[in-house]
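The following paragraphs lead the reader through a structure, beginning with a single residue and moving on to the contact between chains. Please keep the sequence and the model in view while reading.

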Amino acid sequence: MSAAFALTDLDLARLPGRRDEDWRWSDLRGLIRQPVEVSPELDRPAAPGGAFIGLARDEFVFANGQLNDWPQEALSPALAFHLHDDPGAARMADVMPMAQLAAERHVGPPLHILTVRAGETAAIRFRFISRATGTGHHLRLGVMLEAGAQAVVLESYEGQGEDYLANVALEFYLADGARLERIAAADEAESAISVSSAEVHLKPGAAFAQTLLVGGAKRQRFETQISHPGGGADVRADGVYLVGGRRHADLTSVVTHEAVDGTTSQLIKGVARDQGRGVFQGRIVVAEGADRTDARMGHHALILSDRAEVDAKPELLIFADDVQCAHGNTVGRLDEDALFYAMQRGLPPEAARALLTEAFVGEVIDRVEHEGAREAARTWVSERLGGG
Amino acid sequence: MLSISNLHASVEDKPILKGLSLEIPAGEVHAILGPNGAGKSTLSYVLTGREGYEVTQGGATLDGEDLLALDPSERAARGVFLSFQYPLEIPGVPALTFIRTALNAQRKARGEAELSAPEFLKLAREKAQSLKIDFDMLKRPLNVGFSGGEKKRMEILQMAILSPRFLILDETDSGLDIDALKIVADGVNALRGPDRAMLVITHYQRLLDYIRPDRVHVLADGRIAASGGPELALELEREGYDKYARAA
């Protein structure tokens, strides 16, 4: 193995922290003070599991940052899976420091790339399992959709250890007319630090939609950087965070509209209970000349306890003249009138709260296009909110 | 059935009900009329247990059981139903899901078996039809984007499905045109029976042409100022509430 450390002394100084504007609510530097050893490789295939079990024909399992299991000879003819020797370095390193670290510190082959062939359709599942205690692991993975390809990518982040650091860096490339729906469900250990960074590159006419379901960890961040070419390309960048206990979840995204005629829609909903903390940072940039851009962003959160916290920074940076942009941001409590109404009809207080909270989050789930994943997402939410 | 004695209640320390007493035996429909601010809605909220309505004296029992000691859902499970003056919108919850969840919560609280999805759908279809409610409307989030009249009809539908024993109708006629009013009244009348009682709260006599009360009470300044038969409602229609307001 090329490195015995997931994070060396030198890396510690490069970790993003509270002085970095984009990380001030999700400080890692203050949290990780010692070098972190690399997590061990698993010696056998992981048992079946994860949020989207049974929903995809092709399933790739990564355990502790390393490829653990994949279909090999049984791989769908729509797909090609290969190693990429040229890491291409992290082009977005300055904006995604954790992705940069993943590129440098990742153990094993530099980059796995999964390609969906032109015009083909695929359902793909990635399981990112962390079975480690006190160690760390990085992973890089690329997904490429050739022209006209269509795919759904289902990611489950499965924590099976304690105090680990899991760092995943993904790259998505969508050629002309390709359509990708990405749905991720994160269930990390409460003591874990987990970062998933994704960069998304679209060509005109492509469509990228994502729904992130994030349960939080000691520190958890999902970051998505999308370069939007306009030209009829469409982006949906949704998410749900549900944090209880002392969990922390951060959904950060940047969508940059680079040319005319692009659409972006974003709906994030969060629920913070106990001492949970939710963070939303959403930025939509409309570059000079990216006229006729239509971008909508909404972030709405419920705070269900006095000690829970939600921090939100929605930003629209518009450098073009002829655009339609809107954003809405609300943080509040459950509507007491609606609660009384539900109880008057017979729902006990806890059930009434769960029903209304699920309904609040449900608006995001309804936007998931893949039917099986939509129901799995609904179940994921329902189980975490204690509803029926 | 329902017995209210010397009930005093305050909202934000302001006394609203000031010694209200009322007996509504099973099988009877009682109407309460009164001017704005008399405490009509407060009475309905106190009986159903809404937060912020504080009982300072007196009590209310349903079949001898202290109603005020129960939380709103426990009262619902015992058969207390309030048709809201302004029914709430519940985004994200289809009407069918909401009603089924409520019905099964009530049944569970009473120790009855929950209704299966097909059993429930059959019941809902039947009741919707009798209230001339388009069944597809029940697949939409409850009351979201519904007109005032549709919301009221949805209340009556819930009433028909939940089959409560003690019904409170709070200004159920407001926002209804005459056709909708007839449908709603038919729905309410269908629930009349020897084991049920109703309290109809209204501003105007009009509703009482369709839901004939056995007794009529005038609520003024937080207590019952007069009681009588249906003729009292007609008298109020002619003469207004002035003399009760003055007396109070």
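Ser156(A) has a relative accessibility of 1% and therefore counts as buried, a term that means under 20% relative accessible area, with exposed being over 50% and partly exposed in between (1.4 Å probe, protein chains only). Ser156(A) lies in strand S9 (residues 150-159) of chain A; helices (H or I, at least four residues) and strands (E, at least two) are DSSP runs, numbered from the N terminus. Apart from neighbours within four places in sequence, the residues in contact with Ser156(A) are Gly50(A), Ala51(A), Arg125(A), Phe126(A), Arg127(A), Phe128(A) and Ala185(A), where contact means heavy atoms within 4.5 Å.

This is a predicted model, in which local features need pLDDT of at least 70, side-chain atom pairs count only at pLDDT 80 or more, and totals for chains, interfaces and linings use all residues. Residues are numbered from 1 along each chain as its sequence is written, chains are lettered from A and ligands numbered from 1 in the order in which they are written, and side-chain values use heavy atoms, with hydrogens and water left out. The model scores ipTM 0.95 and pTM 0.86. In chain B the average pLDDT, the predictor's confidence in each residue from 0 to 100, is 92, and 98% of the residues score at least 70. Confidence in chain B is lowest in helix H8 (residues 242-247), with a mean of 70, and highest in helix H2 (residues 72-77), at 97.

Helix H1 (residues 40-48) of chain B is largely enclosed by the rest of the structure, because eight of its nine residues are buried. Among them are Leu43(B), Tyr45(B), Val46(B) and Leu47(B). Just after H1(B), Gly49(B) adopts a positive phi of about 90°.

The two chains also meet each other. The contact draws 16 residues from chain A and 29 residues from chain B. Between them, chain A and chain B bury about 1,800 Å², 69% of it on carbon and sulfur atoms; buried area is the accessible area (1.4 Å probe) that two parts lose on being put together, summed over both. Phe340(A), Tyr341(A) and Arg345(A) supply 42% of the area that chain A buries against chain B, more than any other three residues.

Two salt bridges are counted between chain A and chain B, each being a side-chain nitrogen of Lys or Arg within 4 Å of a carboxyl oxygen of Asp or Glu. The side chains of Arg345(A) and Glu155(B) form a salt bridge (2.8 Å, N to O).
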